[in-house]
Amino acid sequence: MTIDELYEIGQNFRRSLESFSAEIHVCGSGGCFSSGGMQIREALEQACAARKMTAPVRIISTGCLGLRGTGTLLRMHPSATRYAKGPHPQTRRNHGKQP
C-alpha cells in the first residue's frame with residue numbers, strides 16, 4: 001500500500017463522518033466492559049434508532065477514557081461532555097456547565 005492510497009483511505013473516512021450529527025464514545029476497556037459498558041452501548045443504539053433521528057449519531061467503543069473505577073464512561077462529541085455511570089458529578093464536563 002502506498003502513501004497516496006493511505007491518504008485516500010483517510011480522506012474517504014473523514015468524508016463518511018460528515019453525515020453524523022454527533023459521536024458517542026463508550027469506553028470498552030475491561031473495567032467498563034465488566035460494569036455494563038456493552039449494555040449501555042446497546043441501549044444508546046436502541047434509543048437513537050427508536051427516535052428515528054434525522055441526523056444519525058455514531059456510537060463507537062473505544063479504549064480507556066480515564067477515571068478508572070468510576071464505571072462505564074461516555075464521551076460526547078462535538079461537545080466533549082463526559083459522563084460516568086454512577087454518582088460522579090465531577091466527571092460530567094461541558095465547559096463548566098452541567099449537561
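A: Let us start with Leu-65, which is buried at a relative accessible area of 11%. Buried means under 20% relative accessible area, exposed over 50%, and partly exposed in between, using a 1.4 Å probe and protein chains only. This is a predicted model, in which local features need pLDDT of at least 70 and side-chain atom pairs count only at pLDDT 80 or more, while totals for chains, interfaces and linings use all residues. Residues are numbered from 1 along each chain as its sequence is written, and side-chain values use heavy atoms, with hydrogens and water left out.

Q: Where is the place of Leu-65, and which residues does Leu-65 touch?

A: Helices (H or I, at least four residues) and strands (E, at least two) are DSSP runs, numbered from the N terminus. Leu-65 belongs to the loop between β2 and β3, the latter covering residues 73-77. A contact means heavy atoms within 4.5 Å. Leaving aside residues up to four places away in sequence, Leu-65 touches His-25, Cys-27, Leu-73, Leu-74, Arg-75 and Arg-82. Cys-27 lies 38 residues from Leu-65 along the chain, yet their C-alpha atoms are separated by 6.0 Å.

Q: How many helices and strands does the protein chain have, and in what order do the elements run from the N terminus?

A: The protein chain contains 2 helices and 4 strands. Their order from the N terminus is α-β-α-β-β-β. The chain has 99 residues, of which 25% count as buried. Among its contacts with a separation of 6 or more, 56% join residues 24 or more positions apart.

Q: How do β1 and β2 run, parallel or antiparallel, and in which sense do β1 and β3 pair?

A: Two strands pair if DSSP finds at least two bridges between them. The strands β1 and β2 run parallel and are joined by 6 bridges. By contrast, β1 pairs with β3 in the antiparallel sense, over 4 bridges. Val-26 illustrates both pairings: its bridge partner in β2 is Ser-61, and its bridge partner in β3 is Leu-74. β1 is mostly covered, with 5 of its 6 residues buried.

Q: Which residues form the largest nonpolar core?

A: A nonpolar core is a set of buried Ala, Val, Leu, Ile, Met, Phe, Trp, Tyr and Cys residues joined through side-chain atoms within 4.5 Å. The largest such core here has 6 residues, namely Ile-24, Val-26, Cys-48, Val-57, Ile-59 and Leu-74. Two or more of these residues come from each of β1 (22-27) and β2 (57-62). One member, Ile-24, touches Leu-44, Val-57, Arg-58, Ile-59, Ile-60, Arg-75 and Met-76, not counting residues up to four places away in sequence.

Q: How many salt bridges does the structure hold?

A: Side chains of opposite charge can pair when their charged atoms come close. A salt bridge is a side-chain nitrogen of Lys or Arg within 4 Å of a carboxyl oxygen of Asp or Glu. The structure holds 2 salt bridges. One links Glu-23 in strand β1 to Arg-58 in strand β2, distant parts of the chain 35 residues apart. Their N to O distance is 2.7 Å, and both residues are buried.

Arg-41 and Glu-45 also form a salt bridge, with their closest N and O atoms 2.9 Å apart. This pair lies within helix α2 (residues 30-50), 4 residues apart, about one turn of the helix. Arg-41 counts as buried because its relative accessibility is 19%, whereas Glu-45 is partly exposed at 34%.

Q: Which residues form a nonpolar patch on the surface?

A: Patches are made of residues with over 30% relative accessible area and no salt bridge; like charges are joined within 9 Å, and nonpolar side chains (Val, Leu, Ile, Met, Phe, Trp, Tyr) within 5 Å. Here Met-1, Ile-3, Leu-6 and Ile-9 form such a nonpolar patch, with about 480 Å² of accessible area together. Met-1 lies in the segment before α1 (3-17) and is exposed, because its relative accessible area is 74%. Areas come from the Shrake-Rupley method with a 1.4 Å probe; for residues, only the protein chains shown count as cover. The protein chain exposes about 6,700 Å², of which carbon and sulfur atoms supply 58%.
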